[in-house]
Amino acid sequence: MSKLKTLISEGAGKINPISVSDYIGVGGYEGLKKAVTMTPEQVIGEVKKAKLLGRGGAAYPSGSKWEHLLHIPETPKYIVCNADEGEPGTFKDKVILGQLPLKLIEGITIAGFVFGAKAGYIYVRGEYRKIQKQLIQAIENAKKANYLGDNILGKGFNFDIHIISGAGAYVCGENSALLNSTEGKVGRPRIKPPHLAEVGLFLQPTLVNNVESLASVPAIVLLGGEQFLKIGHPDSGGTKLICLSTHSAKPGVYEIPLGQVTLRDAIFDPELGGGLKNGKQLKFFHLGGQSGPIGSPAQLDTPYSYTDLRKAGLSVGSGAIVVLDETVSIIEYLKGVTEFFIHESCGKCVPCREGNKQLYAILEKLSVPGAATAADLANLRRLVTTMTAASFCGLGQSAAVALNTAWKHFKDEFEANVNKTPAAAAA
Ligand SMILES: Cc1cc2nc3c(=O)[nH]c(=O)nc-3n(C[C@H](O)[C@H](O)[C@H](O)COP(=O)(O)O)c2cc1C
Ligand code: SF4
């Protein structure tokens, strides 16, 4: 039986992405047509039954988020789609944005209907310039076909979608920084609470969801939450778009049912990653982007689901699976990860701004035989704890996750270059 599904990627790469009639030909807009016959509570009930977990990385239950927003009386409410896709090794939203933009537009329109919103915003990664232009065309075409704009489907519901170009900073993917950037302010995270559901875009109640989360909504409405749940794992319904990269023999985006494919299948199955390039051995894999955990071959039989990965000390995150072969030094790899965070830290708080630089300095020492001491290793551990606990936002809090998990599997490599002479130990 095939390990692939096309629950949300049906038609991707096969239809003209901006053509409404092509989209309808692959089942498009059936979800919206059904949604407008339901009450907001009924739609949210299906999202809850589906157990859709946010696909942007934090895995927050979308049904609870939607329910919370529905009960907030203030208006207007805004719908914001996080299409910043700044996580290295992650390029799955690009497939939806570039090949099935109308699926996302349909999902956002359903959200607009549920919350009685008048406007939605898609905050698109700055580098996706061609995609931004195409999205604008797709929005225009949806309006012409009465699936967007005034009096949608004759139901007296008016809703428009605007495209915002991202600022080119990783931190702008953090939902509150994203809203600041959308408002034209510096893209730095806000203090929470207040939560964005209450005080979001332009200080109004706001829904922020990832591209893949919103693109799952038409299928949830159409199939019903229970059916959607059955396709995936009992704790988290549906499918996940995964991105295989680096030393994978078949890098790319694949849609898999949650919980029914193991990490081994994802990396080695001929239908999916097909193993490693040049017949090399797997040394480790990095899940969910730079801020995600590193796993070892001993964990390959873990099913790819939010629950199973969490139990194994791993996580789904954005869906990235960076595959690394036997030639890669774990210390050199972690230096690259830490350089990324030094570059992307917004500088607002000390644990992240300075902590990443200190981590890098110690990793640099660990890469030179005899340069580091046992005290450096102890400092490394302390830094990880401080940064995780004291950083202001998710960027700093998760910057050391890769290092922390690599430590569990590759402690020998961390210790290999440490100067163990009595003088160094006493220093
Ligand atoms: C530093 C940082 C970067 C992030 N980048 C993204 C991103 O590029 N895309 C995304 O959807 N979520 C990103 N997130 C997660 C968002 O803050 C938020 O959880 C998400 O947009 C909520 O949507 P979801 O519940 O549908 O996943 C990022 C979080 C942090 C801390
Ligand atoms: S943790 Fe602090 S310095 Fe780092 S990105 Fe967040 S707010 Fe900025």
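Colleague: In β9, which residue is the bridge partner of T246?

Modeller: In this predicted model, β5 covers residues 239–246 and pairs with strand β9, residues 320–325, in the parallel sense over four bridges. Within that pairing, S245 stands opposite V322. The bridge partner of T246 in β9 is V323.

Colleague: β5 also pairs with β6; is that pairing parallel or antiparallel?

Modeller: A hairpin of five residues joins β5 to β6. In β6, which spans residues 252–257, G252 stands opposite L244. Six bridges hold the two strands together, and their sense is antiparallel.

Colleague: How many of the eight residues of β5 are buried?

Modeller: β5 has β6 as an antiparallel partner and β9 as a parallel partner. The strand is mostly covered. Of its eight residues, the number that are buried is six.

Colleague: Which residue of β4 does N82 stand opposite?

Modeller: β1 runs parallel to strand β2 (residues 119–124), to which six bridges join it, and in β2 the bridge partner of N82 is Y123. β1 also pairs with β4 in the parallel sense, over five bridges. In β4, N82 stands opposite N210.

Colleague: Which element gives the largest share of the shell around ligand 1?

Modeller: Around ligand 1 there are 24 residues, of which G54, G56, G173, S213 and G394 come nearest. The elements that give two or more residues to this shell are β4 (206–210) and α17. The largest share, three residues, comes from β4.

Colleague: Which domains each give at least three residues to the shell around ligand 1?

Modeller: The domain assignment divides the protein chain into domain 1 (20–231), domain 2 (241–325) and domain 3 (330–426). By class, the shell around ligand 1 has seven nonpolar, 12 polar and five charged residues. The domains that each supply at least three of its residues are domain 1 and domain 3.

Colleague: Around ligand 2, how many residues of the shell are nonpolar?

Modeller: The shell of ligand 2 holds 14 residues, the closest being C346, C349, C352, C393 and G396. Two or more residues come from each of α14 (350–353) and α17 (394–398). By class, four residues are polar and two are charged, while the nonpolar residues number eight.

Colleague: How many residues of domain 2 are in contact with domain 1?

Modeller: The centres of the two domains, taken over C-alpha atoms, are separated by 27 Å. On the side of domain 1 that touches domain 2, six residues are nonpolar, four are polar and four are charged. The contact involves 14 residues of domain 1, and the number from domain 2 is 15.

Colleague: For the protein chain as a whole, what is the radius of gyration?

Modeller: The protein chain has 20 helices and nine strands, and its C-alpha atoms fill a box of roughly 80 × 50 × 35 Å along the principal axes. A compact globule with 427 residues would have a radius of gyration near 22 Å, and the value for the protein chain agrees with this. That radius of gyration is 22 Å.

Colleague: What percentage of the residues in the protein chain are buried?

Modeller: A residue counts as buried if 20 or more other C-beta atoms lie within 10 Å of its own. Among contacts between residues at least 6 apart in sequence, 74% join residues at least 24 apart. Of the 427 residues in the protein chain, the buried share is 50%.

Methods:
Residues are numbered from 1 along each chain as its sequence is written. Chains are lettered from A and ligands numbered from 1 in the order in which they are written. This is a predicted model: local features need pLDDT of at least 70, side-chain atom pairs count only at pLDDT 80 or more; totals for chains, interfaces and linings use all residues. A residue is near a molecule or strand if its C-beta atom, placed from the backbone, lies within 6 Å of it. Ala, Val, Leu, Ile, Met, Phe, Trp, Tyr, Cys and Pro count as nonpolar, Asp, Glu, Lys and Arg as charged, and the others, Gly among them, as polar. Domain bounds come from an automatic or database domain assignment. Two residues are in contact if their C-beta atoms, placed from the backbone, lie within 7 Å. A residue is buried if 20 or more other C-beta atoms lie within 10 Å of its own, exposed if 12 or fewer, and partly exposed in between; C-beta atoms are placed from the backbone. Two strands pair if DSSP finds at least two bridges between them. The radius of gyration is taken over C-alpha atoms; the globule rule is 2.2 Å times the number of residues to the power 0.38.
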